[in-house]
Amino acid sequence: MYGNVPISRLIIMPQDFRCEVDEMRKIIVLTFVTLDGVMQAPGGPEEDPSGGFRYGGWTVPYIDEFGMKEMTRQMGRPFDLLLGRKTYDIFAAYWPNVKTPGDPIAAGLNKATKYVVSKTLTKPGWGPFVVISRDVVREIQQLKEGDGPDFQVHGSGNLIQTLLKYDLVDELWLKIFPITLGPGKRLFADGTIPAAFRLLECKTTPSGVIIASYQRAGEVTTGSFAR
């Protein structure tokens, strides 16, 4: 050991003694969200009508070519999926039927390993897959420390609350739509903790959707305007 760093992590170079720390796999949350924080059922009325939600499909009027290009770019890199059971079922009913050669988003989703958090799912039909069913937080932490591409989280509102609560989210890639809905499941709900984020990039589509990516950036700091 050198301080708290294992000797195996130290690289000795001429006139240079420095630490090399292996970079962990990131968990990146990609979410469609309204101005008032609703993330429920962005893609259609049947997606998630729970709680009497009546506005399923609220993203559709705002999807344009620029926004699709940005989503394709974000999903054009290698990634694995980390999903809740409900989102997995929704995706599994649709994406395997999309012709992959003509759709790079479908290609990425179908190729990715799906890590599904569920206590009841035993034989998923859309693979490759791994079911996470026991100590969810510990298993996800171990996955982050392992080898492989970053994780993308889509939908999965309940899972996101767990990831936020235990500070497992590394980046938020948000598409913020210019509407308010009032009732509905929210991105920052009961799992939210005080946390600072740094803006990585921000773009606006012609239809008014803000595409903003944030990186986790330490603790919340406060100040005062009083002199």
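What does the accessible surface of the chain come to, and what share belongs to carbon and sulfur atoms?

1. The accessible surface comes to about 13,300 Å², with 55% belonging to carbon and sulfur atoms. Such areas are computed by the Shrake-Rupley method with a 1.4 Å probe.

2. This is a predicted model, in which local features need pLDDT of at least 70 and side-chain atom pairs count only at pLDDT 80 or more, whereas totals for chains, interfaces and linings use all residues. Residues are numbered from 1 along each chain as its sequence is written, and side-chain values use heavy atoms, with hydrogens and water left out.

3. The chain holds 5 helices and 10 strands (DSSP runs of H or I, at least four residues, and of E, at least two, numbered from the N terminus). Of its 227 residues, 39% are buried (under 20% relative accessible area, 1.4 Å probe, protein chains only).

4. An open sheet of mixed pairing is formed by 8 strands, in the order S6-S5-S4-S7-S3-S8-S10-S9; two strands pair if DSSP finds at least two bridges between them. Strand S6 (129-132) and strand S9 (197-204) are the edges, and each has a single partner strand, so one side of each lacks a neighbour in the sheet.

5. Strand S3 (residues 27-34) and strand S8 (residues 171-177) run parallel and are joined by 7 bridges. Within this pair, Phe32 stands opposite Lys175 in S8.

6. Helix H5 (residues 157-165) packs on the sheet and touches S3, strand S4 (80-84), strand S5 (114-117) and strand S7 (151-154). Contact here means heavy atoms within 4.5 Å.

Note on methods. Buried means under 20% relative accessible area, exposed over 50%, partly exposed in between (1.4 Å probe, protein chains only). Axes are lines fitted to C-alpha atoms, for helices over the stretch in contact, and angles run from 0 to 180 degrees between N-to-C directions.
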